[in-house]
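Subject: Structure for your review

Dear colleague,

Please find below the sequence and structure that I am handing over to you. My notes on what was found follow directly after.

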Amino acid sequence: MKNPPELSTPSASTLGADIPQVTARAKVLGRAMYAGDIKVPGMLHGKVLRSPYPHARIVSIDVSEALALPGVKAVLTGADAPRAMWGVHHKERRILAEGVVRFAGEEVAAVAATTEEIARDALDLIRVEYEELPAILSTEEAMDEEAPGVHPGRNNISHEIRFERGDADAGFASAHVIHEATYDTHAQYPGYLEPMGTVATIDPEGRLVVWTSTQSITQARLRLAAALERPISSIRVLQATTGGGFGGKMVEDANNLIAGLLAVKTGKPVRVVNNRLEDFLACCSSVPERITLKLGMDRDGIIVAKDVRIIAECGAYSGLSAEVMHVTAMRSDNMHRNPNVRSHATLVYTNNPPHGAFRGFGGTQMQFALNSHIHTMAGMLGLDPIEIHKRNAIRKGDVSIHGWEIGSTGLVECIDQATQALDWEAKRKAPKSNGPKKRGVGMAAAMHVSGNRTIGNWDGSTVVVKINEDGRVFIMSGECDMGQGAMTMLSQVVAHELDLPLSHVLVLQPDTDTSPIAIGSLASRVTIAAGNAAIVAGRMARDKLFALASKQWNVPVEQLKLAGGAVFVADAPERRATIAELAKLHVWTHGGEGIQVSGTWDAKTVMHDDKVYGNIAPAYSFAAQAVEVEVDTETGQVTVLDSYVSDDCGKALNPIAIHGQTNGATVQAFGWALYEQLQLDNGRLMNGNFADYTMATADAVPLLRGGFVESNDPNGPYGAKGASETAILPGAPAIANAVFDAVGVRITELPITPEKILSALRAKKEEEKETRHA
């Protein structure tokens, strides 16, 4: 007897297929609820007064005129805020500044009013008397022994890292060629479409309820509880639809703290949504770093020694900058087999706006230096940089110099895929034009983590699966979707495990009252951690269905199958029950208990020790990029003509989504390399808007090409690991290397502007003239 069609034909799994994100429809129809869209009856509007000075003493604040303005319900200053300090490791920041402001843009007062216009008008009526103080605006000033501390009672070193593996001096002594250079990398604003926003209210039980744009509801709640001095259970955080994060919406901004404080003080709902200038001032930009890199290689281009010195700037508050610098100092060591490494990194305070987490998280800074360096040394040795990368590449099964266990790597394959797609060999050999416009090609390679055991010795995730009585499934997870596709990935996994159509699975809004605790969307961890937890939960739910069917039919579980939305006996498929029927039956045979399971997965990784040794991630991702540029030697303009990014994602669960995210990372890298730069004048931001802060636009970007290497990681869900974040790392050095190939000048300070190109070309011309006359 043939199986009925509905049983013999399983639902088409979407794993590996190009599918739209499950959140796409709500977004394109304008139905997605961002924080700025949320309206609560009686809601007030919050606005923030910010310091105009990078460093000043607050002599007095008079809020009487602002309070007298009709419609104003509260005007708060530092004196009205809890005494607790907030921060990541250094608890050094108040919700509203009190006594001293330490950067231009720091929050000094907050207003809640019946309309946004009244709140803005009230800010103009707050009278603040400042005594301007000397400001430290550079790392050189900060590190001067006689410099006053940005924070009283301590020097300006926020964090310091030192380590050595092997014998770097012996490695350099054995080297055939040694090269040392210094590279300067600058801060980049995340540039997400949706500025930070929060709605906070007090519910009937007196609990603080917060809807906010965030990458981690768990960490947002912890920070709110600490800063507002409230029990964790008295706070509920829900993730509003989040329009991009790129690291900027982690735990370093004060937006939801101020909204929460205003709600607590007024007892009313309050919405605080940054305008773009406010967001530029409030959001941490990436960490600017000066990297002095020294490499030694043998005649074949094998790296035998590496020495790194880093001076990084966190701005007025440390935030996550120490962790970012940690990544710069050591992550790139793990992509090569070099046994001799020495590193010394110093993070310093200034009175500039704070820096912190950003996509790539410290990897971009070092990869710019390292890949530029490798390209330079390839020229010194007469080798193709591709060969140096491939000869030094870490391999599957290796344990890196810092104890990282490499379960999968597609690094060599990524290099081959990207360079072959660009026709690397032919274009490198092509003669240069005699005209003013010169073409060149460049490439770079990089690695990143997929997960990172550095928070509380846990890097896992928990996913709850609930089967409803109609056979549809709810998924509850605390991991946040900020546009990268977390909800789609979770839907795909559970739908696959239960053989359901994707439309029958719904991921509920992350909510600290109902969602499991989750670290959040960072370190490319959600696919590998939550994806594996979703597999566990999906299979637990399936086992519940099988156990019930087995008992009802008196059939061993081993004889049951699940397909097409039903459980049936493999040898007697007419004996069947739909998932909906079994879910209803479970309620009535288990005292009203529905089918709900909780699946947890935690990587078998090891936190690094005090010498930064340990296998901190379950998987490691790799990428390579090759570009072709055209440099106009008369104007200095650099145009990217072609780009190909190859991304080792383990297994592409949704290729079109990865392509989209990879393309976004690529464009962000173009912006950092060529266009974006925060302009500070005496510590004050001068270009905090999209008119003056120049990002890469459509006419500056070529057709974005790319592909995948599926290395099938043994720890990943179906072989998958983090994708797309690694893709931001090789862009800037690939462009710098292509510029060198085109016109023979090495730009070591980002961004690569026309002025720097022209200056370097003039210097090159003068040097050539002096050489001829020597």
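The second largest pocket has a volume of about 720 Å³. Of its 31 lining residues, Thr-185, His-186, Ala-187, Pro-288 and Glu-313 are the closest to its centre. Two or more lining residues come from each of helix 5 (139-142), strand 8 (177-185), helix 9 (276-282), strand 14 (289-297), strand 15 (303-315) and strand 28 (680-681). By class, the lining comprises 14 nonpolar, 10 polar and 7 charged residues.

The model is a predicted one, in which local features need pLDDT of at least 70 and side-chain atom pairs count only at pLDDT 80 or more, while totals for chains, interfaces and linings use all residues. Residues are numbered from 1 along each chain as its sequence is written, and side-chain values use heavy atoms, with hydrogens and water left out.

Some terms need their cut-offs. On a 1 Å grid over the protein atoms alone, a cavity is a set of points where a 1.4 Å probe fits but cannot get out, a pocket is an open set with protein on both sides within 12 Å along at least five of seven lines, and lining residues have an atom within 4 Å of a point. Grid points are joined across faces, edges and corners, and a volume is the space filled by probe spheres set on the points. Ala, Val, Leu, Ile, Met, Phe, Trp, Tyr, Cys and Pro count as nonpolar, Asp, Glu, Lys and Arg as charged, and the others, Gly among them, as polar. Helices (H or I, at least four residues) and strands (E, at least two) are DSSP runs, numbered from the N terminus.

I turn next to the chain as a whole. The protein chain contains 20 helices and 30 strands. Its C-alpha atoms fill a box of roughly 95 × 75 × 50 Å along the principal axes. Of its 774 residues, 60% count as buried (under 20% relative accessible area; exposed is over 50%, partly exposed in between; 1.4 Å probe, protein chains only). Among contacts (heavy atoms within 4.5 Å) with a separation of 6 or more, 80% come from residues 24 or more positions apart.

There are 8 cavities of 30 Å³ or more in the structure. The largest cavity has a volume of about 90 Å³, and Trp-86, Gly-87, Arg-93, Tyr-317 and Gly-319 lie nearest its centre among 14 lining residues. That lining divides into 6 nonpolar, 5 polar and 3 charged residues. The second largest cavity holds about 70 Å³ of space; its lining of 13 residues has Ser-286, Phe-358, Arg-359, Thr-364 and Gln-365 nearest the centre.

Most residues other than glycine have a negative phi, and most peptide bonds are trans. Ser-724, although not a glycine, has a positive phi of about 80°. Ser-724 sits in the loop between strand 30 (704-709) and helix 19, and is buried, with a relative accessible area of 4%. Thr-662, in helix 18 (residues 655-675), contacts Ser-724 as well as Val-645, Asp-647 and Ala-727, leaving aside neighbours within four places in sequence. Ser-524 likewise has a positive phi, of about 45°, and lies in the loop between strand 21 (505-507) and helix 16 (526-553). Finally, a cis peptide bond with omega of about -5° joins Leu-750 and Pro-751; Pro-751 belongs to the loop between helix 19 (731-743) and helix 20 (754-773).
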